[in-house]
Amino acid sequence: MNSPLSKHRIVIVGGGAGGLELATRLGDTLGKRGTADITLVDKHRTHVWKPKLHEIAAGSMDMNAHEVDYLAQAHWHRFRFQLGELTGIERERREVHVAPYLDDEGRLVTPARVLRYDTLVVAIGSLSNDFGTPGVREHALRLESKADAQRFHQRMVNACIRAHAQTTPLRPEQLHVAIIGAGATGVELAAELHGTTREVVAYGLDRVDADKDIQVSVIEAADRVLPALPPRMSTATEALLRKLGVDVHTSAKVAEVLPEGVRLANGRTLPAELVVWAAGVKAADFMKDIAGLETNRSNQLAVLSTLQTTRDADIFAIGDCAACVWPEANGGKGGFVPPRAQAAHQQASHVAEQIRRRLAGKSLKGYRYRDFGSLVSLGEYSTVGNMMGGLIGGSLMIEGVFARLMYMSLYKMHELALHGVVKVSLDTLARLITRRTEPHVKLH
């Protein structure tokens, strides 16, 4: 596994949208030419685009058609893959420490390792932030990984089967889903569940009345859904959710998550068999001041305009774990680049070019976030969004088919960065053909 001394050692920690795209780009250029040794580290074996986790949770996505195996990607794009979780960074020695990896039965798969680097890129993404709310860790599900999404889906299907099989009346919380947080993940999951739960019931669970028995609630502490997006998007989205029968609670702060529901700060209790926490984001707790690097209250690494960390020029940070200043935010008042897939995509492209410049002995260029707007998919019912908001100084709202096509194009950009035009075109054609013959909702 040791590289020739002449090769520049690049270690990328985190195989999310930004990390995997960066490893692929560098492998196809520096790796192909033999001028650098690129290693990607991730605690999972496969990659799924994070904005699609709500589709896995609802059961509306065929994961096998969208999952990327890290080992296979590394083989085809000339980089190495190391399975394991980051535990520490030794900056003086330029070392990354990786934890041992155990399988589901507790057996050792890979031991603890130390990887040497010349350039390190941290791209570990973000986690949901429960703000210390009581009961979240014990009773709420999260959508941070493929495993989380699968766990929710299995519990949802089991809840429907259980309700169909029992002879006693449904309990108050049965078949009720409470989603805490009305950001993009929360509202997308709510809309997707409206359709998929009805399709699950249609498979023969005729003792469950979908319209009467199944209830999805969205709870948001702010005064509107999608609080980070333009008000017109919030209004349109809330109207559609209510039309679907989703119970929307705004200006509702959660005081505690209970075994059978959610207690609000005003004392009201909402019964729920399944509770999903989708409010707030932060970097992992172990990132706080890791290796003496500067971090903020959300454990994100502070970076310069070049995306290098403020205290070490050999370490870059991209994606949700990076606190990157965005001067144009908030109407020119300033802020930080939002935790969106489009930001990770842009930063991966930027850092790939900067590493090539670094190896050539050239000065690095600053990164500037280009805001192409926001899009929220509400399943088969609609897609809403605002396009080019940061570029034209306003908010051009779009809905319907055009918005849906734009939403799909964001994912296609990610696929193109990983696989190229030919493979993406053939895979897309194959999905369109098989979609006509396969069931829409997966039950496993």
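Reader: How many residues of strand S2 (residues 36–42) are buried?
Author: Seven of the seven residues of S2 are buried, so the strand is largely enclosed by the rest of the structure. Buried means under 20% relative accessible area, with exposed over 50% and partly exposed in between, using a 1.4 Å probe and protein chains only. Strands (E, at least two residues) and helices (H or I, at least four) are DSSP runs, numbered from the N terminus. Before we go on, this is a predicted model, in which local features need pLDDT of at least 70 and side-chain atom pairs count only at pLDDT 80 or more, while totals for chains, interfaces and linings use all residues. Residues are numbered from 1 along each chain as its sequence is written, and side-chain values use heavy atoms, with hydrogens and water left out.

Reader: OK, which residues of S2 sit on each side?
Author: Ala36, Ile38, Leu40 and Asp42 lie on one side and Asp37, Thr39 and Val41 on the other, and both faces are covered.

Reader: And what does S2 pair with?
Author: S2 pairs in the parallel sense with strand S1 (residues 8–13) over six bridges, and in the parallel sense with strand S5 (residues 80–83) over four bridges; two strands pair if DSSP finds at least two bridges between them. Valine 13 stands opposite valine 41 in S2, while leucine 40 has phenylalanine 81 in S5 as its bridge partner.

Reader: What do S1, helix H1 and S2 make?
Author: With H1 spanning residues 17–33, they make a right-handed β-α-β unit, where right-handed means that, with the strands pointing away from the viewer, the path from the first strand over the helix to the second runs clockwise.

Reader: Switching to helix H6, where does it bend?
Author: H6 bends by about 30 degrees at leucine 193, the bend being the angle between axes fitted to the seven residues ending there and the seven starting there. H6 covers residues 184–202, and 14 of its 19 residues are buried, so H6 is largely enclosed by the rest of the structure.

Reader: What comes just after H6?
Author: Glycine 204, which takes a positive phi of about 125 degrees.

Reader: Last one: what volume does the largest cavity have?
Author: Its volume is about 70 Å³. A cavity here is a set of points, on a 1 Å grid over the protein atoms alone, where a 1.4 Å probe fits but cannot get out, and lining residues have an atom within 4 Å of a point; grid points are joined across faces, edges and corners, and a volume is the space filled by probe spheres set on the points. The lining includes Met156, His176 and Thr197, and its largest share, three residues, comes from helix H5.

Methods
The expected span of a helix is 1.5 Å times one less than its number of residues. On a 1 Å grid over the protein atoms alone, a cavity is a set of points where a 1.4 Å probe fits but cannot get out, and a pocket is an open set with protein on both sides within 12 Å along at least five of seven lines; lining residues have an atom within 4 Å of a point.
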